[in-house]
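Q: I'd like to learn how to read a fold on screen. Can we go through it step by step?

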Amino acid sequence: MENSCQPSEMLFSSQYGSVYQCRQCAHLQIEFGNLIIGYTLEAFRLFSGLINHIDLEDEDLYHAHLHRPIVVQPVCSTGFYCFSRQEIRDLRDLLTGALTMLDLDHYLTQHHFKNQTP
Ligand SMILES: [Zn+2]
């Protein structure tokens, strides 16, 4: 997300977070707990795929860290995010919901259901 971006349109909300989209450049902002992450649509899809592929039943994950054992290396970054199982479930709902809204929006625009004067 560009520095000038404003999180102008909320796409979806979950228990812990929300996803916003900039009206100017269509970049996405994830606000989740105390994280604020800006992504292009492509990177957002990659991140969503990453979160969806975490095996929450894998007990080996829980040897890494006591409280927030699930470590994710985000797209285009050398840092790491740490999540609990519950947070990952909520983040999945959030990202999936936001992508559904984006796809729906794309569909409606393609089929001229949007942006038409009545
Ligand atoms: Zn922008």
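Q: What share of the contacts with a separation of 6 or more comes from residues 24 or more positions apart?
A: This is a predicted model, and in it such residues account for 38% of those contacts. Buried residues make up 18% of the 118 residues.

Q: In what order do the elements run from the N terminus?
A: They go β-β-β-β-α-β-β-α, which comes to 2 helices and 6 strands.

Q: How do I read a sheet, and which strands form the open one here?
A: Strands of a sheet pair through backbone hydrogen bonds, either parallel or antiparallel. Here 4 strands line up as β1-β2-β3-β4, with antiparallel pairing. β1 (9–13) and β4 are the edges, each with a single partner strand, so one side of each has no neighbour in the sheet. From one strand to the next, the twist averages 20°. As for β3 and β4, 5 bridges join them, and Phe32 sits opposite Leu35 in β4.

Q: Which strands does α2 touch?
A: α2 packs on the sheet, touching β1, β2 (17–21) and β3, and its direction makes about 130° with that of β1.

Q: Now α1: which of its residues are buried, and why do they sit on the same side?
A: An α-helix has 3.6 residues a turn, so residues three or four places apart point the same way. In α1 (residues 41–52), the buried ones are Phe44, Phe47, Ser48 and Ile51. They share a side of α1 because they cover an arc of only 100° around the axis. On the other side, Glu42 and Gly49 are exposed.

Q: What do the buried residues of α1 pack against?
A: Their partners are β3 (28–32), β4 (35–39), β5 (70–72) and α2 (85–110).

Key: Residues are numbered from 1 along each chain as its sequence is written. This is a predicted model: local features need pLDDT of at least 70, side-chain atom pairs count only at pLDDT 80 or more; totals for chains, interfaces and linings use all residues. The expected span of a helix is 1.5 Å times one less than its number of residues. A residue is buried if 20 or more other C-beta atoms lie within 10 Å of its own, exposed if 12 or fewer, and partly exposed in between; C-beta atoms are placed from the backbone. The arc is that of the directions from the helix axis to the C-beta atoms. Two residues are in contact if their C-beta atoms, placed from the backbone, lie within 7 Å. Two strands pair if DSSP finds at least two bridges between them. Axes are lines fitted to C-alpha atoms, for helices over the stretch in contact, and angles run from 0 to 180 degrees between N-to-C directions.
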